[in-house]
Amino acid sequence: MSRKKGILTVLLALVLVFVSLDFGFCYKKVLADNDATVSIDKSNSWESNGEYFAQFNITITNNSSKRLTDWQLKLDKGSFSLSQSWCCSITDCGSYWQISPESYNQVIEASMSISNVGLILSSSGETSLGNVTIVTSYETTSSTNPTSSSNESNNITNTTATDSTSDSNGSITNAANEQLSEPVAEENQEGELLDCGKCALIGAELHFPYANGALASAKTAIDYSNESKELVAKERESTEATTNEEEVTTGVVALEDTKSADSAVTNNEETANSGDNSQITYGSARIPTGRVRVSGSHLVDSSGSQVQLRGVSTHGISWFPEYLNSAALSTLKNDWGINVIRIAMYPKEYVGYLSGGDKESLKSKIDEGVKAAANLGLYVIIDWHVLNYNPNETKDEAIAFFKEMSNKYKDYENVIYEICNEPVGAEWSSQIKPYAESVISAIRENDSQALIIVGTNTWSQDVDAVVGNIIDDANVCYSLHFYAATHKEAIQNKLKYAINNGVPVFVSECSICDASGSGGIDYTWANSWLNLLNENNISYIAWSLCNKQETSALIKSSCSKTSGWSEDDYSDAGKWFMKAIKNQ
């Protein structure tokens, strides 16, 4: 009986191989085992300075009925160099990279997927990847405790990939001596190897190359269980309690400076939560300099004087919501001199607005930020944080979101809308511009005056593409993003070309490290960028307000405070931006 079962398993595996080959034109790479599937899709490629670059997006699907509690990928380097990565950490192990999850995408619930991991790789010419191996850990049985990490089993699958990618938010360390464990065979109760079907799939895959079409895979939204949400909420309450104790003890907050703002917040809190959004009932929505608007290639205030907005961006409010609070904004205004805060909300990433996040909770956090900023006399940017994809993928949802936001905040002078953060693989004229026109039209139905920021292709670097092809709206800026250790003269030249041709540019995200967000700081180019921005009165926003363990985080990872920071609480990037914004 066991032999028949083994033969049937092999035959079934071979059928799956040939079925996948029939649709091979739309796959880049699919690495499968009995419980997990890893798809690697090359979504974009280009040439720059004689090098070939390719972006790869990684989707991991948990096919089992158990919670996948951890995963790692081992990717042979071949002839590639790693340019960028996001939503993962990268360990350089000599001949291969070890790709590990962040805390927020480590666990994959049963029958769910994550699709927010990516890479950008470069080489001397177009080529394919070598071997990729996945190591997964599962709970032995269906768990009722989301935090349980015991009784796990490991599954390891090894095969060959045809493409690779790199991205912008991972970290790279040197650990050449670290090795992943060797594959082990699993047996069932009858002693029969369970891996025979898997081996058939892998063996066939080694001999049949995949074509170069786009990956046809379903992207499953990820949702927290109610128990997970409760645990997260309890942990957050505990952290905030600890933080408040520390702030009271150390006395870092300048109480005299923030007393009036905090009092206004308290006095208006009850009316703000009344549910009537037609009237402004929370503090003052009248900013001292009034609404900002475009004049030529610059921003001006209500009196027509040129203004330069300088501030910071939150990280994704799905992951670091605790930093978007009135006390934090008060600290940044008083100690840094910021006049704008950017609220970054990811639509598609893990527990994002469209991928399992609590929409009402996210909108409530935005509301808290908008009203706290208004009360402090700060401008606020509501950012639809498109990242690494064509914004038309979420166009309908973006239209609905901004129609709701613009109706809610139409009487607020401090609100600015950023409708697509960092598009990729989307040409300006035929894709980004029509998307922007549709979303802007929805905003203008409610608010004819708000400033709107539109992203540009290649992570908002191609602002030069807008020259001679601007949107027919008098109050639109176009975003350019830079990371000083990566983006140097070539991107500066794009900025100069745009503003010299009358394009109003807003640097809605920047940092002074490399584009991964985790590399070293380049102070020389950081200062060069700052001089260029100040000389041309270009507004800029620093990434990002959180204590994530990466170079671009403005708060040290060892600091748990969510406001009232001293200079010692800031990272090197945080200290630099504080001085830059204060004009020191």
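D367 and K371 sit four residues apart, about one turn of the helix, within helix 6 (residues 359–376), where helices (H or I, at least four residues) and strands (E, at least two) are DSSP runs numbered from the N terminus. The model is predicted, with local features needing pLDDT of at least 70 and side-chain atom pairs counting only at pLDDT 80 or more, while totals for chains, interfaces and linings use all residues. Residues are numbered from 1 along each chain as its sequence is written, and side-chain values use heavy atoms, with hydrogens and water left out. The structure holds 20 salt bridges, each being a side-chain nitrogen of Lys or Arg within 4 Å of a carboxyl oxygen of Asp or Glu.

**Bridges made by D367**
- The side chains of D367 and K371 form a salt bridge at 2.9 Å, N to O.
- D367 also forms a salt bridge with K408, with the closest N and O atoms 3.5 Å apart.
- Because K408 lies in helix 7 (residues 395–408) and D367 in helix 6, this pair ties together parts that are 41 residues apart in sequence.
- D367 is buried at a relative accessible area of 12%, K371 is buried at 7% and K408 is buried at 19%, where buried means under 20%, exposed over 50% and partly exposed in between (1.4 Å probe, protein chains only).

**The E445–K403 pair**
- E445 and K403 meet through their side chains in a salt bridge of 4.0 Å, N to O.
- This pair links distant parts of the chain, 42 residues apart, with E445 in the loop between helix 8 (428–444) and strand 19 (452–454) and K403 in helix 7.
- E445 is exposed, with a relative accessible area of 55%, whereas K403 is partly exposed at 36%.
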